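Please look over the sequence and the model below.

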Amino acid sequence: MTARAWAELLRVSALFTVPGDALAGAAATGRSPGRGTALAMGASLCLYEAGMALNDWADREEDAVDRPHRPIPSGRIAPGAALAAAGALTAAGLGLAARAGRPALVVATGLAATVWAYDLRLKHTPAGPAAMAAARALDLLLGAAATATATPGTTEQGRRSAGTGTGVRTGSRPCSGPNTGSGAVTGGPAAPRSGGFVRAGGPVHVGGLAGAGGSVRAALPAAGLLGVHTYAVTAVSRHEARGGSTAVPLAALATTAALGATILRERCDPCEQAGAVGPVPRGGRATNPLPFTARRAVQRQRPHRPSPPPAPATRLLLTALTGAYLRTATGPLLHAALNPSPPLTQRAVGAGIRAAIPLQAVLAVRAGAAGTGMAVMGLVPLARALARKVNPT
């Protein structure tokens with residue numbers, strides 16, 4: 001009975017929606033998941049569970065009226081134990097993030113502060129959904145920062161070319177085209193002295209070290225999309241105890257559809273996603289110049305050719321994953337809009353939480369990491385099976 005109570009308090013069925021944040025963040029850096037990604041996933045899981053325990057501790061009086069079956073109001077778990085668990089899990093999450101490096105610890109500290117602020121202060125204010133969206137976005141950025149800082153190595157193409165002396169090691173999945181030079185380590189596609197393009201947001205590698213700041217910037221678009229989804233789901237969750245809202249599920253439904261359309265409308269092109277600027281005029285300055293040491297390296301490269309359109313298989317995979325995201329989220333939201341009763345609203349919230357998994361997979365594929373996207377989708381049946389035993393809301 002005690003184990004069951006803790007599983008309900010921590011909402012363990014929602015745990016499978018967490019690792020995909022770090023994996024999507026790692027994909028945005030252009031690196032394969034590694035030690036830093038694993039540490040980020042561990043930190044994310046700890047901080048997520050800390051938020052679950054703290055949420056029930058903060059809502060114990062409200063739950064005594066609206067949800068007397070919850071572990072704390074039912075007396076199965078003492079309030080002090082829940083609060084202690086929240087504190088211990090927060091400390092564990094920050095400890096794991098610290099092992100991934102200072103940039104990861106900075107992001108994790110902001111994430112922990114957002115979680116505690118949401119549960120203790122912001123949840124019942126108009127800023128509540130925005131705070132939860134920020135927490136989810138920071139979770140993805142944590143994966144990007146930890147991967148770039150604590151995971152040595154390169155992308156698959158960079159590793160293959162590193163031994164030849166003619167390849168270029170890049171901090172993101174490289175554009176196609178010849179990369180001839182002296183094996184210089186750069187932060188993205190080559191930038192010629194004139195007539196070329198300079199990457200505006202990609203991570204910079206200098207002396208084999210990743211620029212964590214650049215990696216976090218490269219992950220911002222993915223974090224924004226995940227944050228928008230989380231905002232919509234959180235707005236619906238504010239009505240799950242008593243229901244009665246039709247407008248909010250409808251707005252969330254429209255937001256979900258808009259996200260799907262945005263994903264399908266954009267090209268799955270790692271070079272474009274990083275944001276090229278340019279052309280740089282002869283003798284002019286790039287709008288976002290690389291650090292001096294990296295700029296010296298890229299000047300030895302020949303101009304790269306634009307990346308080709310995504311392969312049909314990649315486009316098909318992106319479409320299928322987007323369809324899975326829409327199918328998971330939209331049906332329950334439509335039912336909740338037509339009949340805003342508490343059970344249907346709670347079902348819509350649970351579906352929105354589970355829909356984060358295919359969305360994370362979509363974000364990984366958009367960044368050029370199809371394998372990571374498929375690995376994330378492997379969590380879907382696990383989340384669905386556990387949700388039948390433990391309510392994720």
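Helices (H or I, at least four residues) and strands (E, at least two) are DSSP runs, numbered from the N terminus. By that rule the chain has 18 helices and four strands. This is a predicted model, in which local features need pLDDT of at least 70 and side-chain atom pairs count only at pLDDT 80 or more, while totals for chains, interfaces and linings use all residues. Residues are numbered from 1 along each chain as its sequence is written, and side-chain values use heavy atoms, with hydrogens and water left out.

Two terms describe the chain overall. Buried means under 20% relative accessible area, exposed means over 50%, and partly exposed lies in between (1.4 Å probe, protein chains only). The chain has 393 residues, and 51% of them count as buried. Contact means heavy atoms within 4.5 Å. Among contacts between residues at least 6 apart in sequence, 77% join residues at least 24 apart.

Helix H6, residues 102-122, shows how burial can be arranged on a helix. An α-helix has 3.6 residues a turn, so residues three or four places apart point the same way. The buried residues of H6 are Ala104, Val107, Ala108, Leu111, Ala112, Thr114, Val115, Tyr118 and Asp119. Viewed down the axis of H6, these buried residues fall within an arc of 160°, so they line one face of the helix. The arc is that of the directions from the helix axis to the C-beta atoms. On the face of H6 turned away from the buried side are the exposed residues Arg102, Val106 and Arg121.

One of the buried residues of H6, Asp119, is touched by Asn55. Asn55 is found in helix H3, residues 35-58. With a relative accessible area of 13%, Asn55 is buried. Not counting residues up to four places away in sequence, Asn55 touches Arg11, Asp119 and Lys123.

Next come the helices towards the end of the chain. How many residues of helix H16 (residues 356-366) are buried? In H16, 11 of its 11 residues are buried, including Pro358, Gln360 and Arg366. After H16 comes Gly368, which has a positive phi near 95°.

Two packed helices are described by the angle between their axes and the distance between the axes. Axes are lines fitted to C-alpha atoms, for helices over the stretch in contact, and angles run from 0 to 180 degrees between N-to-C directions. H14 and H16 pack with their axes 8 Å apart, at an angle of about 160°. H14 and H16 are therefore roughly antiparallel to each other. Angles under 35 degrees count as roughly parallel, over 145 as roughly antiparallel, 65 to 115 as roughly perpendicular and the rest as oblique. H14 passes H16 in a left-handed crossing. A crossing is left-handed if the near helix is turned anticlockwise from the far one by less than a right angle, and right-handed if clockwise.

The contact of H14 with H16 involves 10 nonpolar, three polar and one charged residue. For these classes, Ala, Val, Leu, Ile, Met, Phe, Trp, Tyr, Cys and Pro count as nonpolar, Asp, Glu, Lys and Arg as charged, and the others, Gly among them, as polar.

In helix H17, residues 370-377, the buried residues are Thr372, Gly373, Val376 and Met377. Seen down the axis of H17, its buried residues fall within an arc of 140°, so they line one face of the helix. Helix H2 (19-29), helix H14 (312-338), H16 and helix H18 (380-387) are among the elements that cover these residues.

Another packed pair is helix H10 (residues 220-237) and helix H15 (residues 342-354), whose axes come within 9 Å and cross at roughly 160°. That makes H10 roughly antiparallel to H15. The crossing of H10 and H15 is left-handed. In this pair, His229, Val233, Val236 and Ser237 of H10 meet Thr345, Val349, Gly352 and Ile353 of H15. The contact has four nonpolar, four polar and no charged residues.

Two loop residues complete the picture. Gly244 lies in the loop between H10 and helix H11 (247-265). At 62% relative accessibility, Gly244 counts as exposed. Its C-alpha atom is separated by 7.7 Å from that of Pro342, 98 residues apart along the chain.

Ile77 is in the loop between helix H4 (60-66) and helix H5 (79-99). At 3% relative accessibility, Ile77 counts as buried. Leaving aside neighbours within four places in sequence, the contacts of Ile77 include Ala5, Trp6 and Leu9. The C-alpha atoms of Ile77 and Trp6 are separated by 7.6 Å, with the two residues 71 apart along the chain.
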